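Here is a short briefing on a protein structure. Keep the sequence and the 3D view open as you read.

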Amino acid sequence: MNSGLLKFALAGLLFLTFSAASSRAQGTSNRDADTAAIKQTVAAFQDTWNTHDAHALAMKYVEDGDFSSVKGEDSHGRKQLEDHYATVFGTFLKNAHTTDTVRSIRFLGPDTASVDIDWLVNEPSAPGGVLRKGLLTWVVTKRNGQWMIMIYHEQSF
Amino acid sequence: MFSAKAKFILAVLLVVPFSARPSRAQTHSNMDADSAAIKQCVAAWEDAWNRHDAHATAMAYVEDGDFSSTTGIPSHGWKELEAHYNEIFTTFLKDAHRTDTVKSIRFLGPDTASVDIDWQMTGARTRDGKDAPNRKGLLTWIVTKHNGQWMITIYHESVF
């Protein structure tokens, strides 16, 4: 009797054992796809930023995302993030336009990566039309197949 | 019924899928210890930097560590890192002293964390040797744990 049951149990356990291992290996083989998807996330962030849509921009972060400004001032979570973007787009960035170019991506795990992005903010009244130039440094994480911003830092130089 | 051999195989197969779990649970209880160890790592790095020891400063990174300066100029790996520190410690930062204070730590996994560090610097000079104003800003590191030791994987710094 039990040999059928035993084989079934063994097959089930073998599947459990190796499905965990293969999902780990898959992380490496999908790296090109993840790199492309992260670049898509950056491009979508840039396009949303350029529409000055504070709500949509905050939604590019995970729910408890962290933002830190060029002065090291923090915003934490979607509500604070949206308030922050609404403030800047209502004031000194009202006529600003950003260009974000991915410089490098370093994976920290299958679902986590650090991304360096060259950053240029144009604003008509700024000297030479350039308000900010520098580097964005993000930690992104994959949630339900979607790469999102977990930690955002920016530096201006 | 099941032979002893079959029971043994079953037992092993039951253990394997679940053996990964305790290490994850353990992480939570070890978070305080890891936070303390990360602060130690920052303090040790600050100390090596203030001794102007380029080799020790570079060795606080993982072997393929990434540094990016306040103007976004990168150095990659121990050799480039040590050469970078050697250059700054013998030129415009030769009398400089820094103070680093951990502002926040966010864990990205059991062995990975993002660390924000307030930094200040006195004694810096301009590239042509004149006294430079005191500097301050934010260091943002990704640190990873290797053989129980937290090390710098990615270093960014901003000045404001």
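**Briefing: sheet, loops and core**

In strand 6 of chain B, S68(B) has H156(B) as its bridge partner. This is a predicted model.

- Strand 1 (residues 61-68) and strand 6 (residues 149-159) of chain B run parallel, paired over 4 bridges.
- Strands of a sheet pair through backbone hydrogen bonds, and the pairing can be parallel or antiparallel.
- The sheet in chain B is open and has 6 strands. Their order is 2-1-6-5-4-3, and the pairing is mixed.
- Strand 2 (74-76) and strand 3 (97-109) of chain B are the edge strands. Each of these pairs on one side only.
- From one strand to the next, the twist averages 15 degrees.
- Helix 4 (residues 77-90) of chain B packs on the sheet. This helix touches strand 1 and strand 2 of chain B. Its direction makes about 50 degrees with that of strand 1 of chain B.

**Two residues with positive phi**

- Most residues other than glycine have a negative phi.
- N144(A) is not a glycine, yet its phi is positive, at about 50 degrees. N144(A) sits in the loop between strand 5 (130-143) and strand 6 (146-156) of chain A.
- Is N144(A) buried or exposed? N144(A) counts as exposed because it has 5 C-beta neighbours inside 10 Å.
- H52(B) is not a glycine either, and its phi is positive, at about 55 degrees. H52(B) lies in the loop between helix 2 (21-50) and helix 3 (54-59) of chain B.
- H52(B) is partly exposed, because 18 other C-beta atoms lie within 10 Å.

**The nonpolar core**

- The largest nonpolar core has 52 residues. The members that touch the most others are I117(A), W138(A), V140(A), I117(B), W141(B) and V143(B).
- Strand 5 of chain A gives the most to this core, with 6 residues.
- Which residues does I117(A) contact, leaving aside its neighbours within four places in sequence? Its contacts are V42(A), D100(A), T101(A), V102(A), R103(A), L135(A), L136(A) and W138(A).

**Chain A as a whole**

- Chain A has 4 helices and 6 strands. Along the sequence, they follow the pattern α-α-α-β-β-α-β-β-β-β.
- Chain A has 157 residues, and 24% of them count as buried.
- Among contacts in chain A with a separation of 6 or more, 45% join residues 24 or more positions apart.

Key: Residues are numbered from 1 along each chain as its sequence is written. Chains are lettered from A and ligands numbered from 1 in the order in which they are written. This is a predicted model: local features need pLDDT of at least 70, side-chain atom pairs count only at pLDDT 80 or more; totals for chains, interfaces and linings use all residues. Two strands pair if DSSP finds at least two bridges between them. Axes are lines fitted to C-alpha atoms, for helices over the stretch in contact, and angles run from 0 to 180 degrees between N-to-C directions. Two residues are in contact if their C-beta atoms, placed from the backbone, lie within 7 Å. A residue is buried if 20 or more other C-beta atoms lie within 10 Å of its own, exposed if 12 or fewer, and partly exposed in between; C-beta atoms are placed from the backbone. A nonpolar core is a set of buried Ala, Val, Leu, Ile, Met, Phe, Trp, Tyr and Cys residues joined through C-beta atoms within 7 Å.
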